[in-house]
Amino acid sequence: MTNEIAKTKLSMTVNGRQYTAEIEPRMLLVHFLREHLSLTGAHIGCDTSHCGACTVDLDGRSVKSCTIFAVQADGSQVTTIEGMAAPDGTLHALQQAFHEHHGLQCGFCTPGMIMRAHRLLQENPRPTDEEIRWGISGNLCRCTGYQNIVKAIRAAADMLASPQRKEAAE
Amino acid sequence: MIPGRFTYHRPASVAEAVGLLSSLGEEARPLAGGHSLIPMMKLRMAQPEHLVDLGRIPGLKGIRQDGNDLVIGAMTTQAEIIASPLLGDKAPILIEAAKVIADPQVRYAGTIGGNVANGDPGNDMPGLMLCLDARYSLVGAGGSRQVAARDFYEAAYFTKLETGEILTELRFAVPATGHGWAYEKLKRKIGDYAVAAAAVTLSMSAGKCTAASIALTNVGQTPLLAADAAKALIGSGADAAAIDAAAGAAMAVADPTTDTRGPVEYRRSVLGVMVRRAIDRAKARAR
Amino acid sequence: MNAPTPSREERELALKGMGFARRRTEDARFIQGKGNYVDDVKLPGMLQGDFVRSPYGHARIKKIDASKALALPGVKAVLTANDLKPLKLHYMPTLAGDVQAVLADEKVLFANQEVAFVIAEDRYIAADAVELVEVEYEPLPPLVDPFKSMAADAPILREDIQDKLEGAHGRRKHPNHIFEWTVGDGPATDQVFATAPVTVKELISYQRVHPAPLETCACVASMDKIRGELTVWGTFQAPHVVRTVAAILSGIPEHKIRVIAPDIGGGFGNKVGVYPGYVCSIVASIVLGVPVKWVEDRIENLSATAFARDYHMTAELAATTDGKILGLRCHVLADHGAFDACADPSKYPAGFFNIVTGSYDIPTAHLAVDGVYTNKAPGGVAYRCSFRVTEAAYCIERIVDVLARKLNMDPAELRLKNLIQPQQFPYKSALGWEYDSGDYATALNKAMETVGYNALRAEQQQKRDAFKRGETRELMGIGVAFFTEIVGAGPSRNCDILGIAMFDSAEIRVHPTGAAIARFGTKTQGQGHETTYAQIIATETGIPADMIQVEEGDTNTAPYGLGTYGSRSTPVAGAACARAARKIQAKAKKIAAHLLEVGENDLEFDIDRFQVKGLPEKSKTMKEICWAAYNNVPPGMEPGLEAVDYYDPPNMTYPFGAYICVLDIDVDTGSSKIRRFYALDDCGTRINPMIIEGQVHGGLTEAFGIAMGQEIKYDETGNVLGVTLMDYFLPTAVETPFWETDHTVTPSPHHPIGAKGVGESPNVGGVPAFSNAVIDAFAHLGVTHLQMPHDAWRVWKAAEKLGLVR
């Protein structure tokens, strides 16, 4: 085996900021985010792409960042939990709703859960409880039993769809 | 949890991709959605020295109608299949199947090409392709060829795909207007592979079944075309006796293994149940 | 002119004291991805450690060759048992009085046991290096059936203690035997069974499972050679215990060791004990002089860290013909794996399993537990078990159902007939516990009424008839579970961890501007302590919860405590919290009297202030009193306002509950669909109903997973199966049922605020409710028991055996 480690250049936009790096192609996106960019919100909870704790938003898709090489995200737009609040610190409706409805306990699944819920609400702005459960079926939680998470996502959907919000946006 | 080292290649065209795969040989693997390959690499069950990323090659995505065929590019994701109005209208069984594959995140990345080409008997799409009698376009350094899905699968992880070839698209005849369809899959939980699954398409006319196609998933080394099961339906009223006969014929060709999903006899019996339920639902949908 | 005094309602709302559904203060960092979990810790020069693990369940190690690994650029060291021997660290003491190999010494005893520890510049290089360590094994016959562990020809597993005829708990019957623990009156119980008109007996196995918190175990060890100080960040539910153990093992004086448990992503008992990864990281850091991080992956977590259960319980009940239980006799074969690493109080090798008389007035009982070694991962006590209470509750709730079948009595009716009555409290059980309080019949009746129990039974009968007629392929099951559990370990007279009594502690320091900081000896892993302890302090002192900072987990600042597991935080540290807060209130009262120039007896406390009795407008708010504590205290009084309390509980606490599960089984696939799950919990005084509800939801979801599909299995060659999340059943939001929660309140008479704790109740009561429901679906066909888990294929096999499958 060669001792020379060939590196690949990449550049990606994360939470609106451009980063360039030279890394081993085998570096997983989750490690790139956590260790190179010190964005430790995405977490690792399994080895087999089941738990979803590493979920981020990549070019408008929910992806498990532990199952993507960082080089595959070259040129992409990535949003992580750290990019969900507004620049002035105002929390996203999902963050507020998770807090209001006790949608988290240990917090380990929470970044991935919120990132997935964020994309879910783009796909389906007014989901039923059943659709929410199916929509987060790629995210495991060991603490909450999901019930308050579903409540939180419903509440966020209502908040985002409310007329006051729409007016403010326009 | 950490993959082994590899050299990364990012071809800009199919020609470049197959050129790389041919010259690098057995030590190279194509990277499509990566959601079968990368998990295996993380467990070091696969340690390719080269990865050829197909993700930037134009022309490998898309769902279109071409004459009487529906054509799907190999790099089309499961999520794109679910969202396709064309498939929703003309071949909804594919959407029903895609919805029971894995979970939302995996469906955003996983491609139909990856799902049909790697020969994993647990994958859902190969059974659909047998049911729909699809044809795969395989492109290698020497040119392109078409292989019927029904001829493609040889054994677990062994297919007609040669080293240096990639699957670029698949096509199947538009199912008959008014056809009935269903994909019935029993799984332990969301995201799991099938304990057993059955894909059924059929046509009814004046109370008689005029056409039927049945394929079975994860009850053998490859997806299985249950030809005798389909024959048992054709010409009948798809009544209880015919459905019994079809289920029995399907169970007879099934060859499941015992795994954590259950013992052989359980999986074979469940396969029968899946065939019955799929036929019931297909029949209810047929016009 | 003064601002108008807010109303009492406004003051209560501002206080956010006990009973309030206070939103959590810890949420802010978690919802923004700014939690500080162990793997988030990054220190300059930090290296990463990773284990070489055994592929065999039982084998001799002939040779370890690390040369290729050491030659890989970026690899700093490879540790084996031989490196740890001079430090006497190749074995470490367990909490159960056994020793456990840190790195396998001459033989491996379970699949994935730690054999060598590789330390490298980053985790990628470490992973490569692990592959390069070459180990030569000579396989030995594996022992995976606990029922065969004491056979004459059984392979001897623990050669390291082969000559020890006495274990930590008395005589060992066989080289693979660990302990025998008996309690109760054997002869009297045998006599009851010899003469009873009705007896039932059943082997009830509780399969090996694993708590699987979403965050795996991890640590960062950092030895500062200049200061002689060791700092260890880790996933520790009991940080002070880890510090004390580290001091004893390493020889570094305890005041020079700082243990920090930062944010923990779920514990559930998986993060109580000390693991080889922690010890190896500490040794590596000391030797190399730089920080060393170890983070296990999921397969390692599921296959090598503290598993749960693996109890084979033969239970018997004796009764009268009209259903009065006369006696209980129980034998347990406990499979502890290769080392007894159970996190039990040291006098209880089978935990508190002797709660197995449950909620019933059983006059005579006897229990015997035999613990044995097998070629499996070490442990046994974990997963919201309250020290084997999950096993005990499952045992009694199942055998009561078996008795109901035998007597042709409704399972709820049989329970009502035998529940301990309110006037019997405090109740001394036949196996040695004194239950503090309970109102059982009220709770069970409320549960039955709420779900419409009688109508459900009628529906079940109709559906059974319809099934016989071929009109449906579904069978309906109704599962009842009434549990009493025992938590809040515990009184120093019988509860200790490695000799340290199981008290707990609270330290509250109030600042001049009316804010406070409070520290505890417990350690939250998601239970919301930062929110709830502040609520207790708020109610007891009148300082608003929003003005109280709660900290846990840093042994440099937190008072000594035994940590959080076994639902002990509320009963023990919560009591210390209330008592410390009351000391502050008492001092505040004296200061208020001084400020108001009245006698203490003229004052009464009202929400957030002291006021003169009969003259409420003459008052001092706590805010004013806090300021005065720093400049105007009565003569002779120390300035400042702080209090410490170390609480040695007089007794355990006994939460209880009534759970009812309704499900429908699709006989042809064996799949169960949960139609309804109702859980009534009584945890005494309820500090924060929102958090209680969250705990119940989470525990029930764990119980659902256990009952319906979780299993860590070993095959006959010693391979461990089901240790990825592909196969280990963690339910998603789709499978997880909707939980209906309810409550009654029966305070604990001996607890300062009457609270009992609730975290583990849903796992304790949930599993029997699910299991009883599945078995109930087939009860009319003569089925008395089916082994868990009730995954679809097993349920199908049961149906097939009954001739129900087409």
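This is a predicted model: local features need pLDDT of at least 70, side-chain atom pairs count only at pLDDT 80 or more; totals for chains, interfaces and linings use all residues.

Q: Which domains of chain C does the largest cavity lie between?
A: Domain 1 (8–35 + 504–647) and domain 3 (307–489 + 652–801) of chain C both give residues to the lining, so the cavity lies between them. Those bounds come from an automatic or database domain assignment. A cavity here is a set of points on a 1 Å grid over the protein atoms alone where a 1.4 Å probe fits but cannot get out, and lining residues have an atom within 4 Å of a point.

Q: How much space lies in the largest cavity?
A: About 530 Å³, counted as the space filled by probe spheres set on the points, which are joined across faces, edges and corners. Of its 34 lining residues, those closest to the centre are C:Gln527, C:His529, C:Gln695, C:Val758 and C:Gly759.

Q: How do the lining residues divide?
A: Into 12 nonpolar, 18 polar and 4 charged. Asp, Glu, Lys and Arg count as charged, Ala, Val, Leu, Ile, Met, Phe, Trp, Tyr, Cys and Pro as nonpolar, and the others, Gly among them, as polar.

Q: And what about the second largest cavity, how many charged residues are in its lining?
A: It has no charged residues, with 16 nonpolar and 7 polar ones. About 240 Å³ of space lies in this second largest cavity.

Methods: Residues are numbered from 1 along each chain as its sequence is written. Chains are lettered from A and ligands numbered from 1 in the order in which they are written. Side-chain values use heavy atoms; hydrogens and water are left out. On a 1 Å grid over the protein atoms alone, a cavity is a set of points where a 1.4 Å probe fits but cannot get out, and a pocket is an open set with protein on both sides within 12 Å along at least five of seven lines; lining residues have an atom within 4 Å of a point.
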